[in-house]
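Please keep the structure in view while reading.

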Amino acid sequence: MNRRMTREASNALQRAGFSRRDFLKSSGALIVGFTAGGGLERTAEAQFGIAPIGGSPPAGQLDSWIAVAADGSITAYSGKEELGQGISMAQTQLVAEELSVPIERVTLIYCDTALTPDQSYTSGSQSHPTNFNHSNLAQAGATARQALLRLASDRLGASAEQLIARDGVIRTKNDPTRQVTYGELVGGKKFTLALDPKAPRKPPAEWTVLGKPVPQRDLPALVTGKFEFVHNVRVPGMLHGRVVRPPSVGATVMSVDESSVNDVPGLVKVVVRKNFVGVVAEKPWQAIQAANKMKVQWTAGTGLPSQADFYNYVRKQPSRDNLLVDSKDVDQKLAQAATLLKATYHHPYQMHGSMGSSCAVADVQGEKATIWSATQGVWYQKTTSAMLLGLKPENVRVIFRRGSGCYGLNGADTVTYDAALLSQAVAKPVRVQLTRKEEMAWENYGNAFVIDLRAGLDAQGNIIAWDHEAWTAAYGNRPGANMPGNVITGLLAGFQPDAFTPQAAAAPRRYNNNSNGIPSYFSGCVGGACGGTGTIKSERALVHNVRSPFWTGPLRSPARLQNTFAHESFMDELAARVKADPVEYRLRHLSHERLSEVVKAAAKAANWTARPAPAPRKAGVVSGRGIACVAYEGDNGYSALVAEVEVNQDTGRVSVRRFVCAADCGPISNPDGLRNQMEGGALQGMSRALGEEVTWDDQKVTSVDWRTYRTLPLGFDVPKIDSVLLNRPDEEATGAGELSITVVAAAIGNAIFDATGARLRQVPFTPERVKAALAARG
Amino acid sequence: MSAVNLKINGREHSLDLDPATPLLYVLSDDLGLSGPKFGCGLGQCGACTVIVKGQAIRSCITPVRAVAGSEITTLEGLGTIDKPHPIQRAFIEEQAAQCGFCLNGVILTAKAYLDKNPKATGEEIRQALSNVLCRCFTNVRMLRAIERYRQEVAR
């Protein structure tokens with residue numbers, strides 16, 4: 001089972017002089033003279049309501065997180081993985097900082113079900129808050145430093161207050177020659193200590209590693225082609241698999257003619273399990289030929305609703321309703337308002353569209369399986385693969401290997417099931433990589449949304465009531481602990497996705513703006529407590545969840561991006577109606593200091609001059625500016641973005657000239673990594689706002705490659721991007737990777753309005769839609 | 001199956017395989033190279049790029065027989081972790097990556113173009129990269145790294 005580890009992992013363990021599993025099992029403990037209780041408020045259970053899965057090192061124990069080798073090198077173990085978002089360097093900085101060692105001395109190992117603590121999914125902008133506040137990895141670092149100081153105190157005969165730790169050496173303050181190294185104190189031995197929630201974190205004012213820009217450690221290997229992605233995993237005796245997906249949505253297998261591929265050289269086996277069809281061959285090219293040639297008879301598909309009428313279709317479906325906030329006076333206040341405004345916003349299905357199609361390697365031998373996967377949740381991949389394979393979860397090991405950037409639930413989980421099923425059928429290791437079409441036609445798309453907004457204004461133009469009513473379509477999801485049917489392969493192999501039951505809304509119990517379904521301008525009063533970030537007291541937000549004809553799942557800023565597009569566009573419409581400056585109008589309706597501050601910071605950096613939109617109308621190519629802001633998930637980071645655009649009114653083409661993004665994610669761990677996320681998020685948001693849309697006909701998805709699904713290429717006319725980072729060392733760490741992308745569509749739409757007076761209420765803003773909006777101005 | 005001779009990163013290889021096999025599979029599976037990658041298999045994204053006779057080509061749609069005997073350079077052939085090629089160094093200096101999957105196509109496409117067009121304008125460089133994707137959208141840094149390399153080539 002322990003045949004393969006990353007080079008850095010095995011080197012680190014070798015250096016440390018022990019095997020990881022033996023280490024954790026061993027009882028030859030170093031006893032440190034005190035223990036402490038739990039306090040892990042961001043465990044998997046707290047985050048996702050799912051109990052951690054057995055088999056991983058216990059999260060409450062220091063030895064699960066940090067090991068000190070005899071030579072003083074540190075190995076840290078984390079359940080939050082590097083997806084390209086930069087969290088690995090930030091976590092390495094964190095451990096180096098808390099332990100006062102140079103960053104080069106820290107090796108980080110993440111997401112291997114046999115080695116690392118179970119931290120659930122790496123998703124939802126949760127890694128920074130989970131591991132950088134007062135529990136988990138941060139608290140492990142603090143607990144380790146405290147323990148080392150205690151041990152040094154005994155060794156050196158000085159009180160802990162008289163000691164200073166630097167570069168992995170602890171000295172007495174008054175006599176630096178009295179010293180002891182970490183290696184001498186605990187090298188190669190266990191701490192045998194619970195994480196101490198009271199162990200003090202190092203104050204940000206003393207940081208020397210955290211808070212500084214640190215280069216990405218993987219980059220030299222990446223630029224020289226030496227980095228091992230999951231796509232590059234090669235196991236001795238490995239075969240190559242391909243899958244054969246249905247030709248249309250809902251089609252099932254009638255018959256498989258295995259003889260149709262008899263003559264393909266290198267063919268090892270045709271594998272059929274219910275509606276799952278695949279082939280295994282010795283070489284990839286042979287597997288491809290076999291998959292292309294194989295004759296499978298499928299039933300007709302179940303048919304798809306017309307794309308042209310889809311948003312109306314969604315409104316008419318049975319729904320499971322969710323009331324987020326309701327002051328119960330909205331209709332009355334709207335009726336009394338001096339001015340009533342209504343608008344409807346549409347957001348399409350969009351895809352993750354990973355650059356590399358998804359890939360996995362599985363080695364299923366009898367009762368045991370080892371799986372290399374780019375899944376965002378190795379522990380859930382472990383239990384759900386076990387279900388699929390009929391194995392005991394403890395006999396399945398899942399090892400994370402980086403895939404192509406996923407931005408959420410791409411094909412990583414489903415292709416892992418593909419590889420596992422095919423490997424089990426041939427009892428040999430099998431590698432599977434999806435085709436571009438398989439990736440794009442069957443992935444779990446970001447949800448389509450229809451959002452109706454109504455607001456009432458008083459005679460002074462202030463918002464006195466706001467109603468939000470949304471419809472969103474969903475089907476499937478992340479597999480979680482026990483739902484392999486939430487992605488295509490699980491369904492094909494006979495598992496069902498999350499059940500859908502229409503249900504009326506219950507009264508809201510507490511304020512929760514995790515999906516940003518509640519506009520930032522609401523006071524958010526539920527059950528006597530007001531958790532919102534705004535001033536509007538008469539407020540309602542109701543969401544209708546309907547069944548989607550396509551697979552859906554989290555796509556970077558899921559629901560939050562769609563809701564924010566609607567809210568921030570509508571806020572602009574309201575400001576324009578009362579001829580208010582869009583920045584001033586937002587600030588007038590915000591009550592939250594940190595959100596207001598990012599709005600002001602973005603406006604200031606963009607040299608925003610106060611005036612109402614739109615600018616006086618002109619012909620030809622015109623320019624404008626727009627702003628949007630969000631309190632991400634209500635309280636998980638704050639951002640505002642100013643977009644400056646040019647609109648060619650003859651062609652409908654929109655060119656973004658500049659983005660100014662302001663972000664506040666609490667204490668900044670790695671400013672360069674944060675900038676990288678801000679820039680990438682802004683441009684990815686721009687691509688999604690201007691061109692990306694899943695398309696289909698009456699049977700199947702038709703956006704299945706880069707000609708039919710439009711993304712901006714590397715060489716497009718890239719806007720200038722200025723990032724304004726508001727460091728808040730005394731606040732809690734929040735998420736950061738979804739801050740800029742959430743506000744892009746609205747900021748661009750508002751800038752188009754400022755430039756032209758035309759309002760775009762449907763994403764993407766294609767030239768055709770821009771021209772239609774221009775024509776509708778009157 | 002037939003014998004195919006390939007010259008990759010200065011080394012000769014003689015392989016017995018179906019000459020219709022796309023070059024990408026030969027590089028990544030028969031020869032175990034991890035630079036060129038399968039992104040789309042359609043020549044649309046650039047992940048599989050290699051340089052043949054100074055031209056960036058898409059190895060996922062190039063049958064191996066078409067390049068037999070030609071000098072083929074992959075990302076591994078430019079430089080090493082200890083001694084990166086100037087364009088690789090430029091990407092490190094600019095910290096121009098997120099997931100890094102697209103780097104192969106970006107670096108090789110830019111290098112092949114700039115080595116032939118050292119005086120290219122920003123607009124021309126963008127044009128040359130109009131068929132290369134980065135879905136993390138690290139465009140700002142990548143274009144900066146490419147400009148850094150251009151200045152070095154033009155010198």
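Helix axes here are lines fitted to C-alpha atoms over the stretch in contact, and angles between N-to-C directions run from 0 to 180 degrees. The model is predicted.

**Helix pair in chain A**

- Helix H12 (residues 378–389) and helix H13 (residues 412–426), both of chain A, have axes that come within 10 Å of each other and cross at roughly 40°.
- The crossing of H12(A) and H13(A) is right-handed.
- On the H12(A) side the contact is made by A:Gln381, A:Ser385, A:Leu388 and A:Leu389. These meet A:Asp413, A:Thr416, A:Tyr417, A:Ala420, A:Leu421 and A:Gln424 of H13(A).
- By class, the residues of the contact of H12(A) with H13(A) are five nonpolar, four polar and one charged.

**Contact between chains A and B**

- Chain A gives 50 residues to the contact and chain B gives 56 residues.
- Helix H8 (219–223), helix H9 (284–293) and helix H19 (671–690) of chain A are the elements that give two or more residues to the side of chain A that touches chain B.
- H19(A) has the largest share of that side, with seven residues.
- The side of chain A that touches chain B has 18 nonpolar, 20 polar and twelve charged residues.

**Chain B: elements and dimensions**

- Chain B has five helices and five strands, and along the sequence they follow the pattern β-β-α-β-β-β-α-α-α-α.
- For 155 residues, a compact globule would have a radius of gyration near 15 Å, and the 15 Å of chain B agrees with this.
- Along the principal axes, the C-alpha atoms of chain B fill a box of roughly 45 × 30 × 30 Å.

**Chain B: domains**

- The domain assignment divides chain B into domain 1 (2–77) and domain 2 (86–154).
- The C-alpha centres of domain 1 of chain B and domain 2 of chain B are 21 Å apart.
- Their contact takes 13 residues from domain 1 of chain B and 14 residues from domain 2 of chain B.
- On the side of domain 1 of chain B that touches domain 2 of chain B, strand S3 (49–52) and strand S4 (55–58) of chain B each supply at least two residues. The largest share of this side, three residues, comes from S3(B).
- That side of domain 1 of chain B has seven nonpolar, five polar and one charged residues.

Technical notes:
Residues numbered from 1 in each chain as written. Chains lettered and ligands numbered in written order. Predicted model: local features only at pLDDT ≥ 70, side-chain atom pairs only at ≥ 80, totals over all residues. Helix = DSSP H or I, 4+ residues; strand = E, 2+ residues; numbered from the N terminus. Left-handed = near helix turned anticlockwise from the far one by under 90°. Contact = placed C-beta atoms within 7 Å. Nonpolar A, V, L, I, M, F, W, Y, C, P; charged D, E, K, R; others polar. Domains from an automatic or database assignment. Rg over C-alpha atoms; globule rule 2.2 N^0.38 Å.
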